[in-house]
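Hi everyone, thanks for coming. Let me put today's structure up on the screen, and then we'll walk through a few spots together.

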Amino acid sequence: KSIDIDKGEMCINGLRKPVKFHKMLVAWGSDREKLSQSYSNVHYIEDRFSHAKVHNQMIKSKHIVVMGNTFEAMQTAQSTREYLDGLGYFDTQIVLMTTEKSQIRETLGKGFEKYLARELREQRISYQPNVNITNLEGENDLEKIYFNKEGEYEENLPGSTEYFIPVDMVICENGIARPKKELQPLVGNQDQGSEKKISIGL
């Protein structure tokens, strides 16, 4: 219900007495990042039901895009390739697309990302890092993703080329978005110079 920083107490629904604390780690979950529009062929793997749905559409698809900036997105692309190859679907095109700098680049550096991009090419997976998506085409199903490549739009080059990828299905592995609850309303505003100041971030 509330957190009193000065007293080191928090009041919880269902408990009569406040819970005392010296330090607190808040881990109350977050929402998944999602595309701005809903499409029937865009999947967010969250449970066994969504996993089964992805499988059924995957074996019918010729163009699969795995979208996400996380290590899990790369693993999803690789396991999709391996699974489809195992079934004999060698011609299915798989694209791994990130819409910002990938976790791999942020944590291990651009050189290691280039090495992994070569590995992906050898596995017949196209890698499009840090693209700027300009348009999503389709009504019920997402049919095409239009984008500018990294290096062109970042440098504000005049007339940067707009590319597109045909899509039969998209698997989103974008990691976490905003927290499901906000901490600020419970603790109030903290003074800038205060030792009790709480740093709130993702």
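L108 sits in helix α3, residues 103–108; helices here are DSSP runs of H or I with at least four residues, strands are E runs of at least two, and both are numbered from the N terminus. L108 is partly exposed, at 47% relative accessible area: buried means under 20%, exposed over 50%, and partly exposed in between, with a 1.4 Å probe and protein chains only. Please keep in mind that this is a predicted model, where local features need pLDDT of at least 70, side-chain atom pairs count only at pLDDT 80 or more, and totals for chains, interfaces and linings use all residues. Residues are numbered from 1 along each chain as its sequence is written, and side-chain values use heavy atoms, leaving out hydrogens and water.

Now look at helix α2, residues 71–87. Its 17 residues should span 24 Å at 1.5 Å a residue, and the end C-alpha atoms are 25 Å apart, which agrees; the expected span is 1.5 Å times one less than the number of residues. Which residues of α2 are buried? They are A73, M74, T76, A77, T80, R81, L84 and D85. These cover an arc of only 160 degrees around the axis, so they lie on the same side of α2; the arc is taken from the directions from the helix axis to the C-beta atoms. On the face turned away from that buried side, you'll find Q75, E82 and G86 exposed.

Finally, a word on backbone angles. Most residues other than glycine have a negative phi. N130 is not a glycine, yet its phi is positive, about 50 degrees. N130 lies in the loop between β8 and β9 and counts as buried, at 5% relative accessibility.
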